[in-house]
Amino acid sequence: MISSNIQRFDDIFGAYNNEVCALYGPGGSGKTTFALLACVSAARDGKRALFLDSEHGFSPERFKQLAGEDYAALLERVFVVQIKNFEDQSRWIYSLVAAAKKFDIIILDTL
């Protein structure tokens, strides 16, 4: 299980393993922050995270705020891909099965 790092959320929704989970909501509701927390949690557990960034919302500074002092070591386990356009996003989506063999969590922000 990869924790969200939000105990109440984990208590309600439980463990996700080898599943697709979609979060949705209005802008500014915390979806990207939640995704960043999942990356921090995975990295702390020695796992590898792939963050496909369609919104250009991955901020190393925000990651640092959420991760704390060991952010640099944790960031080495998080791989960020900047999605440039819909074609680029489509290519990555089609390659997710292969990518899933190399990463413990894959985040697509935003589909």
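1. In which sense do β1 and strand β2 pair, and over how many bridges? β1 and β2 (residues 78-82) pair in the parallel sense over five bridges, where two strands are taken to pair if DSSP finds at least two bridges between them. Helices (H or I, at least four residues) and strands (E, at least two) are DSSP runs numbered from the N terminus. Across this pairing, Phe-51 stands opposite Val-80 in β2.

2. A word on the basis of these remarks. The model is a predicted one, in which local features need pLDDT of at least 70 and side-chain atom pairs count only at pLDDT 80 or more, while totals for chains, interfaces and linings use all residues. Residues are numbered from 1 along each chain as its sequence is written, and side-chain values use heavy atoms, with hydrogens and water left out.

3. β1 also pairs with β3, again in the parallel sense and over five bridges, and the bridge partner of Ala-49 in β3 is Ile-105. Five of the five residues of β1 are buried, so this strand is largely enclosed by the rest of the structure; buried here means under 20% relative accessible area, exposed means over 50%, and partly exposed lies in between (1.4 Å probe, protein chains only). Ala-49, Phe-51 and Asp-53 point one way from β1, whereas Leu-50 and Leu-52 point the other way, and all are buried.

4. The nonpolar cores deserve a separate point. A nonpolar core is a set of buried Ala, Val, Leu, Ile, Met, Phe, Trp, Tyr and Cys residues joined through side-chain atoms within 4.5 Å. The largest one has 16 residues, of which Cys-39, Phe-51, Phe-63, Val-78 and Ile-107 touch the most other members. The elements that give two or more residues to this core are α2 (31-44), β1 (49-53), α3 (60-67) and β3 (105-109), and the largest share, seven residues, comes from α2. In soluble globular proteins, nonpolar side chains tend to be buried together.

5. Val-78 can be followed individually: when residues up to four places away in sequence are not counted, Val-78 touches Cys-39, Ala-43, Ala-49, Phe-58 and Phe-63, with contact meaning heavy atoms within 4.5 Å.

6. Which residues are linked in a network of salt bridges? Glu-87, Asp-88 and Arg-91 form this network, a salt bridge being a side-chain nitrogen of Lys or Arg within 4 Å of a carboxyl oxygen of Asp or Glu. The side chains of Arg-91 and Glu-87 meet at 3.3 Å, N to O, and those of Asp-88 and Arg-91 meet at 3.1 Å, N to O. Because Arg-91 and Glu-87 are four residues apart in helix α5, they are separated by about one helical turn; Asp-88 and Arg-91, being three residues apart in helix α5, are likewise separated by about one helical turn.

7. Glu-87 is exposed, with a relative accessible area of 55%, Arg-91 is partly exposed at 49%, and Asp-88 is buried at 10%. Asp-88 lies in helix α5 (residues 86-94) and, leaving aside its neighbours within four places in sequence, is in contact with Gln-82 and Ile-83.

8. The count comes to three salt bridges, including the one in which the side chains of Asp-70 and Arg-44 meet at 3.4 Å, N to O. This pair links distant parts of the chain, with Asp-70 in the loop between α3 and α4 and Arg-44 in helix α2, 26 residues apart. Asp-70 counts as partly exposed at 35% relative accessibility, and Arg-44 counts as partly exposed at 41%.

9. Most residues other than glycine have a negative phi, and most peptide bonds are trans. His-56 has a positive phi of about 55° although it is not a glycine; His-56 is placed in the loop between β1 and α3 and counts as exposed at 51% relative accessibility. A cis peptide bond, with omega of about 10°, joins Asp-109 and Thr-110, and Thr-110 is placed in the segment after β3.

10. Lastly, Ala-72 lies in helix α4 (residues 71-75) and is partly exposed, with a relative accessible area of 44%. Ala-72 and Pro-60 are twelve residues apart in sequence and 9.6 Å apart in space, C-alpha to C-alpha.
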